[in-house]
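Some labels in a structure description rest on a cut-off. The questions below ask how such labels are reached.

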Amino acid sequence: MVETSVEAMSNATLDGKSISSEDAYEQAAKILQAANFPLVAGLGADVAGAQAAILLAERLRGAFDHLASRDSLTDLEVVRSAGIFVTTPNEARVRADLALLVGSGLTGYWPAIFERLALDKETVHGGKTKRRVIWVGPKRGEAKIEGVEVETIPATEAELPGVLAALRARVGGRPTALSAAATKKLDAAAEALKSARFGVAVWAAAGLDSLMVEMLQGMITELNGTTRFTGVPIGGRSGATGVLQTSAWMTGFPPRTGFGRGYPEHDAWRFEARRLVESGEADAALWISAYDGEPPPWEDADIPVVTLGPPGAATKRGLFIAVGKPGENYDAVEFAQETSSMVLRRAKAPAELPTVAEAIAAISARFSEDLPC
Amino acid sequence: MLTRLYGGHIVDPVNGVDGVGDLYFEDGRIIAPPVGRTPDVEHDVFGHVVMAGAIDIHSHIAGGGVNTARLLLPEAHRAHRPRPANTPLSTAGWSTFETGRLYAQMGYTTVIEPAVSPHHALHAHLELADIPIIDKGLLTVLGNEDFLLSAFRDGESQDSVVDYIGATLEATRAIGVKCVNAGGVDAFKQNIRHFSLDDEAPGYGLTSRQIFQKLQQAVVATKIRHPLHLHMNNLGLPGNVETALATIDASQGLPLHLAHVQFYAYGTEGKNGFSSAAAQFAEKINANKNVTVDVGQVMFADIVTISSDVMKQFNSLPGGRPKKGVIFDGDSNGLGVVPYSYRVSDFFNAVQWAAGLELFLLVDDPMQVFFTTDHPNGAPFTTYPEVLALLMSADKRAQYCARLPDDVLELTNLPALKREYSFYEIATMTRAAPRKLYGFEDRGQLGAGAVADIAVYELQTDKAAMFRNAAYVFKDGNLVVRDGKVTHYTKGRTLRVRPEYDRAIDDRLDKYYDELYGLPRALFEVQDAALPATAVFAEVPCHS
């Protein structure tokens, strides 16, 4: 019984003090409806939650952004300026005879990466062979995969862009300014890439920038002149890829899109959540972070903020409404890294908490009727 | 509520109707004229043409491919329309919402998305569920996956293939089966860049011909009504009419639908080695009644090509306009998205435009040729009214031809073709024929018992204007469009087939997924809990 009441108490708070759900939704509706240019941000949500959030932003003529937009847009900038070669982790698992791992921290961005890619096993399709694994720029001691002999090309974070550029140059037979010894090592790697049957480069945009991804994809394009080579991107945290997809079919654009003029406009600088808050352009915010309660990126928000997050993530200031964790506390659709597709995650620990979509619906239901819809 | 449309010119080829008359509907269904009852609502549609809601049999409207195109081309869908009231997201260019709105305004009430990779079916259904007003369905893409190719190679019984197709249709909630460059998508992963009808898929010892024929037979054996929907080899290449003719010769007298055939109507004549072979192709289609085709008409516009024929898309990359694209080697499947711009001044594009119209005009039976632009590959679906006007007017075609490069006219028969489609033929091609192709019993006609999906167009000299803005559209009896504007938003259904199959295949497939991927197959299934409550499915019957 005690546990239940604690949970009930933590479901909604105002400046750290418990309030009823009814009052919380009422307050949230007031805050968002009173704003001239409200921001719907964080967007750490499942597909249904993202749909509700984007519709809310549209209805309020505000803007929306995802907390990991920086990472999604790093890859997307390359897609929309140059194009991209990609495959699924499962196609890499069954077919890739060479994996080029790029950058450090890959297992941090995707803990199950090596279990999924199964680089220790032989390929299944396109012929049975052992895999060759080359890791560019791992941290010291990081390049260890059980059952796999990993070749490394050392590069610090600062050196990585230059090393990638040099590798691309050597794949294309172009000169580099590197020492003979360094060039020799890169030449061996370039030769391996060119002789791969179906090679894959694996990277996490969170650890790179657009120019590095473009360099990598430029190299992949060149490799496809003679063999097959493609990429496995590791997506951003808190449902970033699923929200990106949802945003695309709803508005035509990725997050960092605003409805201020009455139609969607996308601008990666203008509609960045942090800038909108810190510049004072947004005068209220709904912060959604249902997966892990990650706090907002802005400092000194002088604007009213409504937060939707897991029960443990109650904020000291502002209005907080607890929601379930997607796929954990409620059935949710999200983009799965392991399949590179939308999947249904069945709730492992169902809880009496609203879904993100339900919480937004409860807020929207309390808007006064004079709000244009 | 009893509604009467009176005084309109009813064009309903399924029931042989082509004349002025009244139409009654109630509770979402068309009914026979009731005796002794006064309608609750009456619409005076004198001077209007009344047809069943149109059915688009092949238009890429949802799923990973379309969404990738949206993200690839932010410049292509900048929204600038003023915002109508009470219409969430109605201002977003090329969104799911816009798709339903724009189709409805043209009098379309059913649209089929023709290319969904089985592992991405949920994504496609999420988008379909978000499209308002129209009913929709999707084709699941088979013919390049190891499970099926291995079964063919190992000489497994047709029964097991039929079960596999049944299980896949069930898991993906599809309305039929599409096959794209049979074996060629897998071959591309093995670094093969050209793949024709008699080329062998490496590792499987099967030619593209053998794969599509076996799949075609198996689809017939499932008793689903839609025949195999085939995207042939060598799309877009000069001289590829030979592939198309050979494919028809290989069609075994069994039903077969050939997709966007304009892209296969090319000869090698002229100084550019590229000419229209539509006449030869149309003759072959006329002589083979087991085959149906949709055209995939090209119009002069900025477009984006979206195709599971990833080999073709890869080869198209250098010619992209603008030069960028996405090449996706999917699970047992593929996808390529490459933007393009068809220009009236471009010799090749002009030949493509003419070849499409020739096919429309030279295939005799409008039950055999379907109206498509392979949206968005040949042209956006918003160009349909213009294409319809071209079919209905030789003068309009002559005006277009006057703008084409001179050398193009020498390589096509178009200027000599004076045929003009009648409303009856248009209604056949866009209503009656799709009804038959997908085996619909409840739509594509205006007979008693049909769903009250009705499009009413005001007769005008400007046929494009007439078809662009339907005067009235009723969806399930609800008035949804008035004078070319959506007045009421409804949610349509998603149409699917559920053929009988031996569930023993499920265990085999579960084991296959477990061994290959170490993942449960259920992860890829479309389940009710994954879809919004508004996603409603309706079943299209199978042959008995």
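What follows is a set of questions and answers on a predicted model.

Q: Why is His120(B) called buried?
A: His120(B) has a relative accessible area of 14%. Buried means under 20%, so the label applies to His120(B). His120(B) sits in the loop between strand S7 (108-116) and helix H3 (121-130) of chain B.

Q: What makes the approach of His120(B) to Ser340(A) a polar contact?
A: The side chain of His120(B) reaches the backbone oxygen of Ser340(A) at 3.1 Å. The cut-off for a pair of N or O atoms is within 3.5 Å, and the distance of 3.1 Å meets it. Apart from neighbours within four places in sequence, His120(B) is in contact with Ser340(A), Ser341(A) and Phe328(B).

Q: Why is the link between Asp329(B) and Arg228(A) called a salt bridge?
A: The closest N and O atoms of Asp329(B) and Arg228(A) are 2.6 Å apart. The cut-off is within 4 Å, so the pair qualifies. Chain B and chain A have three salt bridges between them.

Q: How do you know that strand S5 (residues 84-87) of chain A pairs with S18(B)?
A: Four bridges join the two strands, which run parallel. Pairing needs at least two bridges, so the strands count as paired. One of the bridges links Phe85(A) with Ile327(B).

Q: What is the buried area between chain B and chain A?
A: The two chains bury about 4,800 Å² between them, with 57% of it on carbon and sulfur atoms. The contact takes 55 residues from chain B and 57 residues from chain A.

Conventions
Residues are numbered from 1 along each chain as its sequence is written. Chains are lettered from A and ligands numbered from 1 in the order in which they are written. This is a predicted model: local features need pLDDT of at least 70, side-chain atom pairs count only at pLDDT 80 or more; totals for chains, interfaces and linings use all residues. Side-chain values use heavy atoms; hydrogens and water are left out. Buried means under 20% relative accessible area, exposed over 50%, partly exposed in between (1.4 Å probe, protein chains only). A polar contact is a pair of N or O atoms within 3.5 Å; within protein, one must be able to donate a hydrogen and the other to accept it, and residues adjacent in sequence count only if both atoms are side-chain atoms. Contact means heavy atoms within 4.5 Å. Buried area is the accessible area (1.4 Å probe) that two parts lose on being put together, summed over both. A salt bridge is a side-chain nitrogen of Lys or Arg within 4 Å of a carboxyl oxygen of Asp or Glu.
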